[in-house]
Amino acid sequence: MRVRLLVSTFNGLSQRVWCALREAGHDVGVLVATGPQDVVDGVRAAQPELIICPFLRERVPAAVWQHHRTVVIHPGPVGDRGPSSLDWAITEGAPTWGVTALQAGEEMDAGPVWATRTFPMPAAAPRKSSLYNGPVADAAVECVLEVVAKAADTAYRPTPATEITCEVPGTGSRPAMKQADRAFDWTQPTEHIIRRIRAADAAPGVRTTLAGLEVFAYDAHPGLARGARPGALLGRRQGAVLVGTGDGSVWLGHLRDASQSRPIKLPATTLLGKLLRGVADSSLPPGTEPEGPSYRQVRYRRSGAVGWLAFDFYNGAMSTGHCRRLLAAFRHAAAQDTRVLVLRGGTDTFSNGIHLNVIDAAGDPAAAAWANIKAMNAVCREIITCTRQVVVSAYAGSAGAGGVMLGLGADIVAARRGVVLNPYYDMGLYGSELHTFTLPRRVGPDTAQGLIDAKLPVSAEQAESLGLIDEVGPRHPEAYGEWLTALALRHADARDARRRQAAKAKRLAGERVPLDVYEARELAEMSSDIFADRSGFTAARRAFVGKVPPTGTPARLLLRQHAEQSTRPRQASRPRAGAPAADPEVRVRSAVPMSA
């Protein structure tokens, strides 16, 4: 079927839908809604049999929905209407929520129903972005596949919402949630405050006051401190600040300055800066921190022959400090007497590469970007060269930009079903993370070049078929955790582990071109992009950080044949000048733009 995705941006859910439909054999293109007439013209040119809107804030023009079957994916159950569905559901503690596929019409979210799914809400308040990229996205993909199956019958007519039993009581038309609806007071209970902040995370945040500064709060976690003055700054660690509440305390990982005309979301300690003078830092070296619910972005635990190194950076963005923290933790984990080391990212996101917000807010963005990519490379190098353990990179969440490359140097790469890997954004950077070493060794130089040129998302299943990853586990996070434990134990056999470690050490020692050469070549290219702005990194970064709406649909998203480039082996490209001709890995020409 010829399907077009009409979207505000090609976000994570849109990418999952795009992958699912393409792998089902459909002709899938994308149209970014940059304006009503652009949408009308784009649809007229594509003449799709079906239009699906997985993420669309704008109204579908009547000239489109009156002449083409158009289905909108709404993140709410049957009967729910409005632009803040998830915000209200989290704030009010709804026990059950859902997703509905509605036919577009005159009224938004009021058309007849093509498909619907419901799911239980987590007991603890989830971040809105976690809910959206987890249960909502899973349900949305199921709805889309049902819609496409039904649309194959041209006589099919969707069911009016009034004729469907509402599985979630209390739904209806709700207004857009405003800051007055989100407001809290620091004298209120911790759970209440966290629920309010998480319902607005990743956007728009909740306005409050800290140290006399008006800010928007994000990334909230319960603290252990009790008995302090509500609203007082009690401590800081790993970029977060601890704030007193009515019955305890809460960690805030990120803030946005409400007084700035162009506010950037930053780690809380970065934004508050000198206002934290006298506030104690409770960070501890890797391996010395006690177990418990205290705020930690990197955690290590040992279970028999398996070491587990978990990291979870907000939205997957890794600043220089984050990279150094992970590097120190990895070295600590590699020094332990274990046979397998599992490197597991967060369930929301494995990693999205370097931290563009922190870079853009720096006094010298170019110097900050240079330090960030070098710190990222240091982590990648440690993974590649670790021969004391069998290293398993576990993608429990999706990854983007350099975050995809981060784990490819492991001995085994495993991903959760439903994860999307999207290494290639238009960010004006050549890319590093030693990808010219790891990527061709996994998929071959031709396929590596095809992936780099295509700049398109890849599902976990497709990544496995390409050899980009080795194993795909269950979609549900808990089931994936159990599956990953079994995978680690399978490779913890002493004889097998020793054989793998010896083979890897021999392979690394036998490399004709040292790893330093790959990094030096990548950094030479990156230096031109970072310091000379060869490919428009400054403008692209500022547009990303400022959330500037796209001005058009990238050509690579318009036609199916572009999508196929990422899976079709290509003719070998010519080596860059100076690349050793006998080493095809080095010749991979990267337009890989790494970003957060």
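In which sense do strand S18 and strand S20 pair, and over how many bridges? In this predicted model, local features need pLDDT of at least 70 and side-chain atom pairs count only at pLDDT 80 or more, while totals for chains, interfaces and linings use all residues. Residues are numbered from 1 along each chain as its sequence is written, and side-chain values use heavy atoms, with hydrogens and water left out.

Strand S18 (residues 398–400) and strand S20 (residues 420–422) pair in the parallel sense over two bridges; strands are DSSP runs (E, at least two residues), numbered from the N terminus, as are helices (H or I, at least four), and two strands pair if DSSP finds at least two bridges between them. Glycine 400 has asparagine 422 of S20 as its bridge partner. Both strands belong to an open sheet of four strands, in the order S16-S18-S20-S21, with mixed pairing. Strand S16 (349–351) and strand S21 (458–459) each have a single partner strand and stand at the edges, so one side of each is left without a neighbour in the sheet.

An antiparallel arrangement is found for strand S13 (residues 298–303) and strand S14 (residues 306–311), joined by six bridges. Arginine 299 has alanine 310 of S14 as its bridge partner. Two residues lie between the strands of this hairpin, in which glycine 304 takes a positive phi near 65 degrees.

The largest nonpolar core has 52 residues, of which Leu309, Leu326, Phe330, Leu406, Leu421 and Leu439 touch the most other members. Such a core is a set of buried Ala, Val, Leu, Ile, Met, Phe, Trp, Tyr and Cys residues joined through side-chain atoms within 4.5 Å, where buried means under 20% relative accessible area (1.4 Å probe, protein chains only). Helix H9 (residues 320–334) gives the largest share of this core, seven residues. Beyond its neighbours within four places in sequence, leucine 326 is in contact (heavy atoms within 4.5 Å) with Val298, Leu309, Phe311, Phe313, Met318, Leu343 and Val379. A second, separate core of 47 residues includes Val3, Trp97, Val99 and Tyr156.

The second largest pocket has a volume of about 350 Å³. A pocket is an open set of points on a 1 Å grid where a 1.4 Å probe fits, with protein on both sides within 12 Å along at least five of seven lines, and lining residues have an atom within 4 Å of a point. Of the 15 lining residues, Gly409, Ala410, Asp411, Lys504 and Arg507 are the closest to the centre of this pocket. Helix H13 (435–443) and helix H17 (494–509) are the elements that give two or more residues to the lining, and H17 provides the largest share, five residues.

Key. Buried means under 20% relative accessible area, exposed over 50%, partly exposed in between (1.4 Å probe, protein chains only). Grid points are joined across faces, edges and corners, and a volume is the space filled by probe spheres set on the points.
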